[in-house]
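Subject: Structure for your review

Dear colleague,

Please find the structure below, together with its sequence. I would be grateful if you read the notes that follow with the structure open.

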Amino acid sequence: MNLQEEQCVEDLADLLYNFLPGSGNSRTAFPLAAAKVQCEDFWFGGSKRPAIVQLLSSTLDQRRHKFSL
């Protein structure tokens, strides 16, 4: 990722932080959303914001086609 993409990931993480829980919800949570788009291997859990950054960064690096304009 370039510097601009890294900043976008950080900004997205800030925006998404309150959107879904990091765990503990059987219907909606970041791990379930990641699994729905076949990126569950990028969700490591733990502290939520770093996990979101990791999910977004890894997806952008390795499965860029999962992002859309």
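Which residues does Trp 43 touch, not counting residues up to four places away in sequence? In this predicted model, the contacts of Trp 43 are Gly 22, Phe 30, Pro 31, Ala 34, Lys 48, Ala 51, Ile 52 and Leu 55.

Trp 43 also belongs to the largest nonpolar core, a set of 14 residues. Among those with the most contacts inside this core are Val 9, Ala 13, Phe 30 and Leu 56. At least two core residues come from each of the helices α1 (3-16), α2 (30-36) and α3 (48-62). The greatest contribution is that of α3, which gives six residues.

I then turned to the charged side chains, where the count comes to four salt bridges. One of them pairs Arg 64 with Glu 5, with the closest N and O atoms 2.8 Å apart. This pair links distant parts of the chain, since Arg 64 lies in the segment after α3 and Glu 5 in helix α1, 59 residues apart. Arg 64 is partly exposed, at 43% relative accessible area. Glu 5 has a relative accessibility of 18%, and because buried means under 20%, Glu 5 counts as buried.

Asp 14 is partly exposed, at 46% relative accessibility.

Yours sincerely

Conventions:
Residues are numbered from 1 along each chain as its sequence is written. This is a predicted model: local features need pLDDT of at least 70, side-chain atom pairs count only at pLDDT 80 or more; totals for chains, interfaces and linings use all residues. Side-chain values use heavy atoms; hydrogens and water are left out. A nonpolar core is a set of buried Ala, Val, Leu, Ile, Met, Phe, Trp, Tyr and Cys residues joined through side-chain atoms within 4.5 Å. Buried means under 20% relative accessible area, exposed over 50%, partly exposed in between (1.4 Å probe, protein chains only). Helices (H or I, at least four residues) and strands (E, at least two) are DSSP runs, numbered from the N terminus. Contact means heavy atoms within 4.5 Å.
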